[in-house]
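Reader: I have a model open and would like to go through some of its side chains. Can we take them one at a time?

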Amino acid sequence: MQEKSYEQELLYEGVKIVTKKLSPNTEYSFNELKNMAIKMPQFNNVDLSINEQREVGRRYSSWVKNVLKQTLL
């Protein structure tokens with residue numbers, strides 16, 4: 001498994017933070033969350049490739065599925 005870069009980990013955690021701040025039953029896309037997270041001060045001059053952004057999206061999707069399973073049980 002490929003090691004995650006610092007920037008990739010930062011975006012992943014940033015997107016999770018933004019998600020937790022949203023009000024319940026809010027519809028959103030990963031792209032919207034990513035754009036909100038990138039505006040955070042930690043992301044000053046951070047540049048991620050398309051593939052790194054895709055990987056963050058995959059990890060985020062998995063996280064959302066696991067959180068939903070835990071919440072519904």
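Reader: Which backbone oxygen lies 2.8 Å from a polar atom of the side chain of threonine 19?

Author: This is a predicted model. Threonine 19 is found in helix α1. A polar atom of its side chain lies 2.8 Å from a backbone oxygen, that of valine 15.

Reader: Is threonine 19 buried or exposed?

Author: Leaving aside neighbours within four places in sequence, threonine 19 is in contact with Tyr28, Leu33, Tyr60 and Trp63. Its relative accessible area is 15%. Buried means under 20%, so threonine 19 is buried.

Reader: How many aromatic pairs are there?

Author: A pair of aromatic rings is described by the distance of the centres and the angle of the planes. Rings pair if their centres lie within 6.5 Å. By this rule the count is two.

Reader: What kind of pair do phenylalanine 30 and tyrosine 60 form?

Author: The two ring centres are 5.6 Å apart, and the planes meet at 40°. Planes under 30 degrees apart count as stacked and over 60 as edge-to-face. The angle of 40° falls in the remaining class, so the pair is tilted.

Reader: How many residues apart in sequence are the parts that this pair ties together?

Author: Phenylalanine 30 lies in helix α2, while tyrosine 60 lies in helix α3. The pair therefore ties together parts whose separation in sequence is 30 residues.

Reader: Is phenylalanine 30 buried, exposed or partly exposed?

Author: The cut-offs are under 20% for buried and over 50% for exposed. Phenylalanine 30 has 22% relative accessibility. Tyrosine 60, at 5%, counts as buried, whereas phenylalanine 30 counts as partly exposed.

Reader: Which residue forms a tilted aromatic pair with tyrosine 60 at 5.8 Å centre to centre?

Author: The planes in this pair are 35° apart. The partner is tryptophan 63.

Reader: Over the face of which residue does arginine 59 lie?

Author: Arginine 59 is found in helix α3 and counts as buried at 18% relative accessibility. Beyond its neighbours within four places in sequence, arginine 59 is in contact with Lys4, Gln8, Glu9 and Tyr12. At 4.0 Å from the ring centre, arginine 59 lies over the face of tyrosine 12.

Reader: What is the phi of asparagine 25?

Author: Asparagine 25 is placed in the loop between α1 and α2 and, at 81% relative accessibility, counts as exposed. Its phi is positive in a residue other than glycine, with a value near 65°.

Technical notes:
Residues numbered from 1 in each chain as written. Predicted model: local features only at pLDDT ≥ 70, side-chain atom pairs only at ≥ 80, totals over all residues. Heavy atoms only, no water. Helix = DSSP H or I, 4+ residues; strand = E, 2+ residues; numbered from the N terminus. Buried < 20%, exposed > 50% of the residue type's maximum accessible area, 1.4 Å probe, protein only. Contact = heavy atoms within 4.5 Å. Polar contact = N/O pair within 3.5 Å; in protein donor to acceptor, adjacent residues only side chain to side chain. Phe/Tyr/Trp six-rings, centres within 6.5 Å; stacked < 30°, edge-to-face > 60°. Lys NZ or Arg CZ within 6 Å of the ring centre and 35° of its normal.
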